[in-house]
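Subject: Structure for you to look at

Hello,

Here is the structure I said I would pass on. Please open it first, then read the notes below it.

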Amino acid sequence: MKDIKLRIRSMESTKQITKAMEMVAASKLRRAQENVTRSRPYFEILFDTVCDIADSSPAFTSPYLEEREVKKTCYVVIAGDRGLAGGYNHNVLKLAEAEMAGKNVTVVPIGKRCVENFRAHGYEILTDAWAEAGGVSVSDCFTMARDLSDRFLGGEFDEVNIVYTNFVSILVQQPAIMRILPLHGTGSGEKHQSETVFEPESQELFARIVPEYVGGLIYGALCECIASEQGARRTAMDSATKNAEEMIDDLSLKYNRARQGAITQEITEIVAGSNT
Amino acid sequence: MATFELQIVTPDGLMFSGEAESLLVRTVEGDLCVLPKHINLLTALGMGEAKVVADGKTRRAACIGGMLSVMDNKVKLVPTTFEWADEIDADRADKAKSEAEEKLSHRDRLTDHELAIAEAKLKRALVRRSVAGRKQ
């Protein structure tokens with residue numbers, strides 16, 4: 001009877017913790033969600049514009065547009081800083097590893113879990129300067145983007161992909177891969193008829209715009225990831241709290257039964273004693 | 001009056017969406033004014049003031065970095081920072097300016113990277129201040 005009591009108590013404190021974590025995640029989620037809805041139009045328009053450019057300019061070439069033979073691929077992988085978020089970290093890392101299998105890769109991990117994972121598995125890590133996903137600001141994204149674009153131009157790798165988690169809704173988060181460099185059009189083959197003026201001329205223009213574009217995409221992906229993480233954590237903690245409640249109910253039932261059993265036995269003993 | 005479709009988006013959200021009569025921005029090569037039926041154009045933005053004329057009213061804003069694209073009379077302005085003049089926190093810009101100046105006053109102690117950051121901060125603060133109507 002005593003152990004049951006102890007277990008109920010420990011269950012209750014666990015429940016309190018998961019409940020508190022759920023509340024925290026819920027409030028963070030609200031903020032992160034606002035962030036996502038605010039930054040989404042930017043993300044989309046930026047993407048469309050650059051696709052348009054890639055489509056519309058058959059005449060001009062840029063090292064950013066050129067498809068090279070892929071000898072080495074760079075992956076920017078964004079995961080969480082902390083665990084206890086259900087399958088969130090696992091899903092995105094699994095997708096990343098499946099994608100990387102058998103390729104010559106270098107990784108830019110963002111988020112503590114991510115850094116730990118890739119280090120433990122012996123992947124080549126380009127930089128771990130952004131170990132904390134929560135602390136990455138817009139300007140960090142642009143610094144990272146400039147660095148990546150420079151290295152891409154320098155031929156250090158021939159492809160840059162980003163692995164992140166798409167925030168579909170509070171309940172659904174979808175890990176995804178997006179290729180950011182080299183640039184690619186929508187592939188619709190639809191060319192703009194009228195001529196386009198580039199100012200300054202294309203080489204220099206691209207050198208300025210591409211890092212901005214890459215930074216914008218990284219930032220957008222990061223916003224999605226943060227919202228996803230909080231969403232996943234909220235769901236996970238919600239079900240943990242429900243489980244704890246169920247277990248407490250179950251244990252209370254057992255406890256009451258045991259208590260009743262003990263009392264009945266005692267009464268029987270007393271009655272039997274007084275009868276003789 | 002003829003108008004064109006204008007969208008202004010930043011990482012902080014959609015700042016403007018609708019019909020505009022003209023748009024003046026500072027690009028890396030100098031000031032540029034977009035009017036309706038402008039030729040298709042793509043350019044990178046510098047740091048400076050932007051003016052949007054819509055519904056006969058002119059609105060000023062601080063506009064920094066990013067790009068401008070004009071495609072078939074649709075204009076997309078995608079800056080990294082865009083703040084309407086009346087939303088700028090002038091005191092904060094003042095503070096940022098003095099902080100950056102303070103940092104730059106002993107520039108020999110800074111690394112190249114830190115120097116670049118401080119200079120960029122100073123420029124941003126100056127643009128904000130001038131748009132907000134402060135004396136330099």
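A residue is called buried if 20 or more other C-beta atoms lie within 10 Å of its own, exposed if 12 or fewer do, and partly exposed in between, with C-beta atoms placed from the backbone. By that count, 32% of the 136 residues of chain B are buried.

Before the rest, some bookkeeping. This is a predicted model, in which local features need pLDDT of at least 70 and side-chain atom pairs count only at pLDDT 80 or more, while totals for chains, interfaces and linings use all residues. Residues are numbered from 1 along each chain as its sequence is written, and chains are lettered from A and ligands numbered from 1 in the order in which they are written.

Chain B

Chain B has 10 strands and 2 helices; helices (H or I, at least four residues) and strands (E, at least two) are DSSP runs, numbered from the N terminus. Their order along the sequence is β-β-β-β-β-β-β-β-β-β-α-α. Along the principal axes, the C-alpha atoms of chain B fill a box of roughly 55 × 25 × 25 Å. Two residues are in contact if their C-beta atoms, placed from the backbone, lie within 7 Å. Among contacts in chain B with a separation of 6 or more, 53% join residues 24 or more positions apart.

Where the chains meet

In all, 24 residues of chain B are in contact with 24 residues of chain A. On the chain B side, S5(B) gives the most, with 5 residues. That side divides into 11 nonpolar, 10 polar and 3 charged residues (Ala, Val, Leu, Ile, Met, Phe, Trp, Tyr, Cys and Pro count as nonpolar, Asp, Glu, Lys and Arg as charged, and the others, Gly among them, as polar). S5(B) also pairs in the parallel sense with strand S5 (residues 196-199) of chain A, over 4 bridges; strands pair if DSSP finds at least two bridges between them. One bridge links A:Glu199 to B:Thr43.

A helix in chain A

Which residues of H4(A) are buried? They are A:Cys141, A:Phe142, A:Met144, A:Ala145, A:Leu148, A:Ser149 and A:Phe152. They lie on the same side of H4(A), because they cover an arc of only 160° around the axis, taken from the directions from the helix axis to the C-beta atoms. An α-helix has 3.6 residues a turn, so residues three or four places apart point the same way. The buried residues of H4(A) pack against strands S1 (73-78), S3 (159-167) and S4 (173-181) and helix H5 (202-275) of chain A. After H4(A) comes A:Gly155, with a positive phi near 85°.

Regards
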